[in-house]
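Dear colleague,

I am handing over the structure below, and after it you will find a careful account of what was found there. Please read the text with the model open beside you.

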Amino acid sequence: MPKTSAGLLVYQFHQNHLQVLLVHPGGPFWKNKDEGAWSIPKGEYSDSEDPLQVALREFEEETGNNIEATNFIELEAVKQKGSKLIKAWAVEANIEQPFISSNIFEMEWPPRSGKMQQFPEVDKAGWFSISEAAVKMNAVQFQLVQQLQEKLGAKVQ
C-alpha cells in the first residue's frame, strides 16, 4: 500500500497576483538544494486519521503558524515518485511571517559516523509567485498549484 501524506496549499493575493506559501526541507541532504526542493507543508497519515486534520497539524508543526479557516478547497491527490500519494487542500490566508519554527528530527550525520544530530524538519518558508513556484517546487506537487489556478479561474492573474 502506498504511503499517503496530507498537506495545505496556502495562498494569498498580493497586488492582485496569486502567491503560494512553500516550505524548504531541513537537514543536510537539502542544505544546498533550492530548485525543485520546495514543497507544501505536509505529513504522512494513517487510515485512522482525518487527512484534513493531519494537514492542519503538519502546517502548524512545519511553520509555527495556525490556520483557523473553514473555507478549504479540496484538490485532487497527486502521486509522487515512489508511489507516495499527496492529498491537499488549498486555503486563502494572509500570514505575515510564514516561518516561525519547525519540529526537529534526529539522524546519524555524517553517515556511518555514529554521531546523532538534530535538524529542523523545515528550515525556511516563503511566499512565491506562480512562476517562481514552478521552478522552486517538486514538479509533481506543482500540479496542485495548477489545480488551484483552475479552481480560482478569473480571480487569478
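Q15 is found in the loop between β1 and β2, where helices (H or I, at least four residues) and strands (E, at least two) are DSSP runs, numbered from the N terminus. Although Q15 is not a glycine, its phi is positive, at about 50°. With a relative accessibility of 63%, Q15 counts as exposed, since buried means under 20% relative accessible area, exposed over 50%, and partly exposed in between (1.4 Å probe, protein chains only). A positive phi also occurs at S83, a residue other than glycine, where the value is near 70°. S83 lies in the loop between β5 (78-79) and β6, and with a relative accessible area of 36% it is partly exposed.

Before going further, please keep in mind that this is a predicted model, in which local features need pLDDT of at least 70 and side-chain atom pairs count only at pLDDT 80 or more, while totals for chains, interfaces and linings use all residues. Residues are numbered from 1 along each chain as its sequence is written, and side-chain values use heavy atoms, with hydrogens and water left out.

Next, the nonpolar interior. A nonpolar core is a set of buried Ala, Val, Leu, Ile, Met, Phe, Trp, Tyr and Cys residues joined through side-chain atoms within 4.5 Å. In soluble globular proteins, nonpolar side chains tend to be buried together. The largest nonpolar core here has 21 residues, and those with the most contacts inside it are L9, V20, L22, I40, L144 and L148. At least two residues of this core come from each of β1 (4-14), β2, β6 (85-92), α2 (130-136) and α3 (139-152), and the largest share, five residues, comes from α3. Apart from it lies another core, of 16 residues, among them V10, A55, V91 and A93.

Which residues does V20 touch, once its neighbours within four places in sequence are left aside? V20 is in contact (heavy atoms within 4.5 Å) with L9, V10, Y11, G126, W127, F128, I130, A133, V145 and L148.

V78 lies in strand β5 and, at 3% relative accessibility, counts as buried. Leaving aside its neighbours within four places in sequence, V78 is in contact with K84, L85, I86, V140, Q143, L144 and Q147. Q141, in helix α3, is buried as well, with a relative accessible area of 2%. With its neighbours within four places in sequence again left aside, Q141 is in contact with S39, I40, K42 and Q80. The C-alpha atoms of Q141 and L9 are separated by 9.8 Å, although the two residues are 132 residues apart along the chain, whereas those of V78 and D34, 44 residues apart along the chain, are separated by 21 Å.

Now the charged pairs. The structure holds six salt bridges, each being a side-chain nitrogen of Lys or Arg within 4 Å of a carboxyl oxygen of Asp or Glu. In one of them the side chains of K136 and D34 meet, at 2.3 Å from N to O. This pair links distant parts of the chain, with K136 in helix α2 and D34 in the loop between β2 and β3, 102 residues apart. D34 counts as partly exposed, at 28% relative accessibility.

Another salt bridge joins the side chains of E49 and R57 (3.1 Å, N to O). E49 is partly exposed, with a relative accessible area of 28%, and R57 counts as partly exposed at 33% relative accessibility. R57 also forms a salt bridge with E58, the closest N and O atoms being 3.3 Å apart. E58 is buried, with a relative accessible area of 7%. Salt bridges that share partners join E49, R57, E58 and E61 into one network.

Finally, the largest pocket has a volume of about 430 Å³. Of the 22 residues that line it, the closest to its centre are P25, W30, S39, K42 and E121. On a 1 Å grid over the protein atoms alone, a cavity is a set of points where a 1.4 Å probe fits but cannot get out, and a pocket is an open set with protein on both sides within 12 Å along at least five of seven lines; lining residues have an atom within 4 Å of a point. Grid points are joined across faces, edges and corners, and a volume is the space filled by probe spheres set on the points. β2 (17-25) and β3 (42-44) each supply at least two residues of the lining.

With best wishes
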